[in-house]
Each structure stands twice: as C-alpha cells, then as structure tokens.
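Subject: Structure handover

Hi,

Here is the structure I promised to pass on to you. Please have a look at it first, and then read on for my notes on what turned up.

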Amino acid sequence: MNDVLAARHYGTQGPRVALVHGWGWDGRLLAPLAQALGAHCRVVQPDLPGYGLNVGQRCDGFDHGVDQLARAVPDAEVLVGWSLGGLLAVAWAARAPVRRLALVGASPRFMQAADWPHGMTEERFDAFAEGLEHDPRRTRTRFAALAALGDSDARGVRGAMAALMDDLPPAAPALSQGLDWLREQDLRDTLRSLPIPLCCLHGEQDHVVDMGAAAKEAAERWIPVPGAAHLPWRHHELSDLCAWVCADD
C-alpha cells in the first residue's frame, strides 16, 4: 500500500520547512503560521495519517507515523511542530539530517512524572479523554476549550477551531492513537541529544502544554507570547520565528 502522506505547499523559495500539526485538527488550523513561513521558506505541510488530506491513511504506531512524515518530506531542512506535532518533530529530527527544529506550544513529554512536574496529570488526562470512543466531537470540543483557556482572544481561538470542527473531521482511530502517543512518549533525552539549534514559541497562558514544560533552557531562541494560550501564532506577527527558521547555520 502506498502510504506517502499528501501535503499542502506554501512558498517558492528559501529552505525546505516541514510543518506538523497537532491533535484533533488537521493542518488547516495552522494556515496563518504556514502562510507566514511560506513568505520566506518552501513549506510542506503533510496532514497526519487519519487527518484531513490523509483521512483514509492508517498508521501502525508512533515510529511508523514519524517514518510516514519523513517520507512525505525527505528533503526537509527545518522541522516545525505544534503540540503533538512537536513530539513527532523531535523524533523525526533524531533520524533525519535536518539542521533546525522549532517547537510551537510543545514539549518533549506531555504527561506529568516524578521528575517532570510540568506535564498533565493522569487524572486530568483521563477526564479529558473520557468518552472519546463514543463521542469524539465532544472530546475535541473539550480540547478547543482547553486550548483557548486563558487566551486574551479566547472567543477567537474557539471560533477558529469551531470553523473546522465538522469539515472533514479526523478518523476516530487517529484521535485515539494520538492520545496514546501523548500519554506514552517521553522524548526528553532525545531532544537533549539533538546536535541542532532549537527554537521554542510558546503562549504564556498555555493550559494544554504548560510553559514550564517547554524546552526553553535548551533553546537557542525562546519566544514567549504574552496573552496567548495554545495557539500562539494567532497573537504573534512571527517575523522573529521566520527569521530564525530561515537563518543560515
């Protein structure tokens, strides 16, 4: 079976940048970020298997998903990952000759642990995921509310996510699989071992991925966004992120 992921393309010049979306919404949610990067770079944005352009594609697990992304953009020079897409981008960067990595509202570990107080607790995660099998739309609605929580334009965040809620929704297995990845993956050591520059763009009011969980200590460039929650690109004009992504090493 040909499982090469279909992708959207932005821009005609500059470095090849792969942009990876997160849980619950396909790449269209990141269109403002993709367009901003596309003014400076050649952006390729594959939807994850089970989402959007690839809603009919299956995935056998986290490593297979990373392989699918890498095959979709084999010449990627820079990886940019949002939320769950950040986890995938960290794993991708460990197995491909990319030269830069940017995490947007992302961290190398999503769940709380004894040595990682920043992540989400098991109880909170279970409460969020409850009922996904029977009513995935309700779970996605919970995520939209959490993504908007604390944002100075919470209504705008909810509206942007609601506009795409019922237009080609993700496949239920992909949603369940994504939650499994968030629960299971711990890529802190992988991120620390990467020999490439890291940039983190993070909303100061993010209640999905706490700002303390972002890898700001390891980042060459740390860009906190005041007033933003889990969709920080909505508040930021992004010129500094674009300049960092396009910079020569």
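Let me begin with a loop: Leu168 sits in the one between α6 (154–162) and α7. Please keep in mind throughout that this is a predicted model. The phi of Leu168 is near 55°, which is a positive value in a residue other than glycine. As a reminder, most residues other than glycine have a negative phi. With a relative accessibility of 41%, Leu168 counts as partly exposed, since that class lies between the 20% and 50% limits.

Ser83 also deserves a look. Its place is the loop between β4 (78–82) and α3 (84–93), and it has a positive phi of about 55° although it is not a glycine. Is Ser83 buried or exposed? Its relative accessibility is 9%, so Ser83 counts as buried, the cut-off being under 20%.

Rolling a probe the size of a water molecule over the atoms shows where empty space is left. Searching the whole structure gives four cavities of 30 Å³ or more, and the largest cavity has a volume of about 80 Å³. Which residues line the largest cavity? They are Trp23, Ser83, Phe110, Met120, Phe128, Phe143, Leu146, Leu179, Leu182 and Val208. Sorted by class, the lining of the largest cavity has nine nonpolar residues, one polar residue and no charged ones. Ser83 belongs to this lining, so the residue with the positive phi that counts as buried turns up here again.

Now for the overall picture. The protein has nine helices and seven strands. Its radius of gyration is 16 Å, close to the 18 Å that the globule rule gives for 249 residues, so the protein is as compact as a globular protein of that length. The C-alpha trace spans about 45 × 45 × 35 Å along its principal axes.

A few totals to finish with. Of the 249 residues, 55% count as buried. The protein exposes about 10300 Å², and carbon and sulfur atoms supply 50% of that area. If you take the contacts between residues at least 6 apart in sequence, 70% of them join residues at least 24 apart.

Best wishes

Notes
Residues numbered from 1 in each chain as written. Predicted model: local features only at pLDDT ≥ 70, side-chain atom pairs only at ≥ 80, totals over all residues. Heavy atoms only, no water. 1 Å grid on protein atoms, 1.4 Å probe; cavity = no way out; pocket = protein on both sides within 12 Å on 5 of 7 lines; lining within 4 Å. Points joined across faces, edges and corners; volume = space filled by probe spheres on them. Nonpolar A, V, L, I, M, F, W, Y, C, P; charged D, E, K, R; others polar. Helix = DSSP H or I, 4+ residues; strand = E, 2+ residues; numbered from the N terminus. Rg over C-alpha atoms; globule rule 2.2 N^0.38 Å. Buried < 20%, exposed > 50% of the residue type's maximum accessible area, 1.4 Å probe, protein only. Contact = heavy atoms within 4.5 Å. Areas by Shrake-Rupley, 256 points an atom, 1.4 Å probe, with all protein chains shown as cover.
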